[in-house]
Amino acid sequence: MSADIAANPGDTAWVLVCTGLVLFMTPGLAVFYGGMVRSRNVLAMLQQNMIALGVVSLTWVFVGYTIAFGDDAGSGLFGNLELFGLTDLKVPPAPHLHVVDGRITIPALAFVAYQMMFAVITPALVTGATAGRLKFGGWVLFLALWSIVVYAPIAHWLWHPGGWLAKLGTQDWAGGMVVHASAGAAVLAVLLVVGRRRNWPHAEAPPNSIPLTILGAGILWFGWFGFNGGDGLQANGVAAQAVLNTHLAAAAGMLVWLLVERVKDGHSTVVGGVSGAVAGLATVTPTAGYVNTLSAIAIGAIAGLVCHLALRLKYLLRLDDALDVLAVHFVGGMLGSLLLGLFGDNGINPLGRDGLFLGGGAGLLWDQVVGVVSVVAFSFVLTWLIAAGIQAVLGLRVREQDQDRLDQAQQGTDAYHLGGVTSLVAPGGPQRRSRRTRSGGAGSVPAGQQVKLVSALLDPARVADSGSLREELLGAGAISLTVSDTTAATEGTMRQVLPRGYWQEQSLLARLRLDVLVPEQAEQAVVDLLNRYEPRLVWTSEVAPVVVK
């Protein structure tokens, strides 16, 4: 099925490596999003992303590839179905693909696999906007239909030599329009169908794991070298330029976003830094193989500024875009596609065109505008029809009562099983187990002694370690103590910082509840001790003293 005629081993190896890098971006996206959702929705978010690897990979092999890269059916809108199921795949990729040098010689299956990974990750971008609202069965059907009806034709328009936008002269190196603009338009349509979360815009919640988000961002940055570096399908100077441009645009986007964040919010945050980097990556994507180094830095810097300002877009449109996919990917993809009309440099890639700033006039810019408008309109309309149909037949939006507990509702389990008690630091170092070793306990209550119950709510952050707390209480005269996790309403509210400059007032806070049994004569000493940890949140049981018999 594959063509090995005069295949260039270096180019083939490079494309296969880039295929693996782009595949790795899908789990990277999963953890990037997963770290920013509620702790009880983490597994659902991970699954919504990972399932794309299963669903879209198969739709791509059966029909997606032939629609995108089969011989043009004559209209420039889609390919014919002669390569259904990859049958009769006997020739390498068309040698005149607008991003490919005429001397390209790699096996056809290497091209199929590489492009498959783009098809997989594109609809997965939508999940960040719809966090907490997708019904799993409906989402699986959406992935299958969208990858065939929306993604494959757009890929044909721009990445096949017979595509009508490619013949017009519109350029898209690695997916500013095919991936980011199409997915962003899909976000707009899906959000109209699934609606807002309960109590939005007051439904925001602190991310469950910032480290998980940073790990995901690092994977995305790493994988983006394959995303942008492999689109020429050759291991040559253009690939090197694309990789360098990718990295520098991300760096510039990060620094500008942090600067704007510092000026606007007073803090430069790690989530803001990686958001700026991803914005730079998304924006440079359509230009990576067509612009010079300094232009890539400028494009990344512009992305850091514009995409940060676009964070307000969801409030202006009254769309509950949970993780700012519109600001980062939609705006970034469209922005980069238009900036190519300004910064395009034929000296970097002879298959490219000079933009307005390099003496090429406004021709390329106009072609880019036509491309962006066409892709956005097509994706928005078709996506709305698909999403509305699924919502009517199978359901795409989860029940409102399940929005805050998708992991339990859809998978019957939770991502985390840790609380304040189990997270307490134990005193001393680990010791080898011994049959003679027994766990120590609090003292027993002498028969007939009158005792009282002292209770307290402590901030876990104020407790140094479990051993110190136990020893202090026993030293003050406590007979026994019980510690449990709880959530309590406190005096006033606490300002919880959210990603990308947002915050909310949190009135119910995680606390450790201590119930301490003490003799009457030791009551005040224990109360005074606990008040050092958390004043005004310590009380003595009002019931009559307990008599232990």
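Guide: Helices (H or I, at least four residues) and strands (E, at least two) are DSSP runs, numbered from the N terminus. The model is predicted, so local features need pLDDT of at least 70 and side-chain atom pairs pLDDT 80 or more, whereas totals for chains, interfaces and linings use all residues. Residues are numbered from 1 along each chain as its sequence is written, and side-chain values use heavy atoms, without hydrogens and water.

Visitor: Where does Leu86 lie, and what makes it count as buried or exposed?

Guide: Leu86 belongs to the loop between α2 and α3 (108-124). Buried means under 20% relative accessible area, exposed over 50%, and partly exposed in between, with a 1.4 Å probe and protein chains only. Leu86 has 8% relative accessibility and therefore counts as buried.

Visitor: What is the phi of Leu86?

Guide: Phi is positive there, about 60°, although Leu86 is not a glycine. Most residues other than glycine have a negative phi. Leu233 also has a positive phi, near 60°. This residue is in the loop between α7 and α8 (237-265), and at 1% relative accessibility Leu233 is classed as buried.

Visitor: Which peptide bond is cis?

Guide: The bond from Trp200 to Pro201 is cis, with omega near 10°. Pro201 sits in the loop between α6 and α7. Most peptide bonds are trans.

Visitor: Why are Gly347 and Gln450 placed in their accessibility classes?

Guide: Gly347 has a relative accessible area of 68%, so this residue is exposed. Gln450, with 39%, is therefore partly exposed. Gly347 lies in the loop between α12 and α13 (363-393), and its C-alpha atom is 8.6 Å from that of Tyr290, 57 residues away along the chain. Gln450 is in strand β1 (residues 450-458); 8.7 Å separates its C-alpha atom from that of Val518, which is 68 residues apart along the chain.

Visitor: Where is the kink in α12 centred?

Guide: The bend at a residue is the angle between axes fitted to the seven residues ending there and the seven starting there. In α12 the kink is about 30° and is centred on Gly332. Helix α4 (residues 136-159) has a kink of about 40°, centred on Trp146. α4 is mostly covered, with 17 of its 24 residues buried.

Visitor: How many aromatic pairs are there, and why is the pair of Tyr65 and Phe69 assigned to its class?

Guide: Rings of Phe, Tyr and Trp (its six-membered ring) pair if their centres lie within 6.5 Å; planes under 30 degrees apart count as stacked, over 60 as edge-to-face and the rest as tilted. The count comes to 19 aromatic pairs. Tyr65 and Phe69 have ring centres 5.7 Å apart and planes at 35°, so this pair is tilted. They are four residues apart in helix α2 (residues 42-69), and therefore about one helical turn apart.

Visitor: What class does the pair of Trp173 and Tyr290 fall into?

Guide: Its ring centres are 5.3 Å apart and its planes at 80°, so the pair is edge-to-face. Trp173 lies in the loop between α5 (164-168) and α6, and Tyr290 in the loop between α9 (270-284) and α10 (293-309), so the pair ties together parts 117 residues apart in sequence. Both Trp173 and Tyr290 are buried.
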